[in-house]
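Here is a friendly briefing to read alongside the model. Please keep the sequence and the 3D view open as you go.

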Amino acid sequence: MALTNKNYNKLTNLELSIQISLSGLSFCILQSDTKTITALKHVDFEKKLNPFEVLDQLIHLFNTEAALQVSFNNVNVIHTNELSTLVPKPLFKEACLADYLKFNSKILKSDFIAFDVIETNDSVNVYVPYININNFIYEKFGSFTYKHFSTILIERILSIEKNADGTKVYVNVNAAHFEIIVTDKGKLILYNTFEYSTKEDFIYYILFTAEQLKLNPETLHLILIGNISKDDELYNIAYTYIRHVSFGKRLDNYKYLQPVEPNHSNFTLIHSF
């Protein structure tokens, strides 16, 4: 997690979380004194954009959404991309950030690299944030925090699974990519992210991961969260090949002005507060 060093005195009970990806934007507003989610919206792009085009979309969102034209006590930015890697905390050196990333991500010399500490796993998540988005949010709001979305995802799943027995395979579904988080007795075994365009891609990567970890599709427990429902072809093909498929739950304590269904959706966005 990173915190800017500029502070404005904002006397409100509203907190804002914005999730940024090249495929879309989402925002969520929490009224902290009543623990009520007062607004939640997604904007999906017609095609994958570059970070500069995403910033244009974000500026447009702030100019057109009435819910965003107020003061916020806290602002969170969630960076969603595949440019991240986990490093065991005892091996982590801040001077080696680029070295950790270059083995499994295409990064440029000009890229700014950040990191989040995941205390529950004694690890560090090294990643490339959208620095132009951060600069815009800083100019607009002053102090704010930012994290990689996988940090929130891993922290929350490890919290849910901390007293669990056995192995669980979580799949967090988004429009063009999904994440796999495998835990065993509450410990993180694997985290990875995959891009997909067909249901066959989707099940291939899940079964390939299971095979690599020597997990039997007849006995493994697959838990789906994110943008997926029982009516989806993704669910149907998963259930065709894997015997035990269920949906996760956010397990949050918030009230909602408008229902946010299903309970396994918006997992990282709502858990970012």
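What follows covers ground rules, helix packing, salt bridges, and some loop residues.

This is a predicted model, in which local features need pLDDT of at least 70 and side-chain atom pairs count only at pLDDT 80 or more, while totals for chains, interfaces and linings use all residues. Residues are numbered from 1 along each chain as its sequence is written, and side-chain values use heavy atoms, with hydrogens and water left out. Helices (H or I, at least four residues) and strands (E, at least two) are DSSP runs, numbered from the N terminus.

**Helix α1 with helix α3**

- Helix α1 (residues 51-64) packs with helix α3 (residues 131-141) at an angle of about 30°, and their axes are 9 Å apart. Axes are lines fitted to C-alpha atoms, for helices over the stretch in contact, and angles run from 0 to 180 degrees between N-to-C directions.
- This angle makes α1 roughly parallel to α3. Angles under 35 degrees count as roughly parallel, over 145 as roughly antiparallel, 65 to 115 as roughly perpendicular and the rest as oblique.
- The α1 and α3 crossing is right-handed. A crossing is right-handed if the near helix is turned clockwise from the far one by less than a right angle, and left-handed if anticlockwise.
- On the α1 side, the contact is made by P51, F52, V54, L55, L58, I59 and F62, and on the α3 side by N132, I133, F136, I137, K140 and F141. Contact means heavy atoms within 4.5 Å.
- By class, the contact of α1 with α3 has eleven nonpolar residues, one polar and one charged. Here Ala, Val, Leu, Ile, Met, Phe, Trp, Tyr, Cys and Pro count as nonpolar, Asp, Glu, Lys and Arg as charged, and the others, Gly among them, as polar.

**Helix α5 with helix α6**

- Helix α5 (residues 199-212) and helix α6 (residues 233-241) also have axes 9 Å apart, and they pack at an angle of about 40°. The two helices, α5 and α6, are therefore oblique to each other.
- The crossing of α5 and α6 is right-handed. Its contact brings together K199, E200, F202, I203 and L207 of α5 with E233, L234, I237, A238 and Y241 of α6.
- Seven nonpolar, no polar and three charged residues make up the contact of α5 with α6.
- Within α6, the buried residues are L234, Y235, I237 and A238. Buried means under 20% relative accessible area, exposed over 50%, and partly exposed in between (1.4 Å probe, protein chains only).
- The buried residues of α6 pack against β10 (167-173), α5, β13 (221-226) and β14 (244-247).

**Salt bridges**

- Side chains of opposite charge can pair when their charged atoms come close. A salt bridge is a side-chain nitrogen of Lys or Arg within 4 Å of a carboxyl oxygen of Asp or Glu, and by this rule the count comes to nine.
- One of them joins E119 and K89, at 3.3 Å from N to O. The pair links distant parts of the chain, 30 residues apart: E119 is in the loop between β7 (114-118) and β8 (123-127), and K89 is in the loop between β6 (84-88) and α2 (97-102).
- E119 is exposed, at 56% relative accessible area, and K89 is partly exposed, at 32%.
- E161 and K168 form another salt bridge, with their closest N and O atoms 3.1 Å apart. Both E161 and K168 are buried.
- E200 pairs with K199 in a salt bridge whose closest N and O atoms are 3.2 Å apart. E200 is partly exposed at 42% relative accessibility, as is K199 at 28%.

**Loop residues to look at**

- K249 lies in the loop between β14 and β15 (255-256) and counts as exposed, at 52% relative accessibility.
- K249 and H264 are 15 residues apart in sequence and 4.6 Å apart in space, C-alpha to C-alpha. Not counting residues up to four places away in sequence, K249 touches I160, N263 and F267.
- L251 is also in the loop between β14 and β15, and its phi is near 55°, a positive value in a residue other than glycine.
- K214, in the loop between α5 and β13, has a positive phi of about 60° although it is not a glycine. K214 is exposed, at 75% relative accessibility.
- The peptide bond from E261 to P262 is cis, with omega near -5°. P262 sits in the loop between β15 and α7 (267-270).
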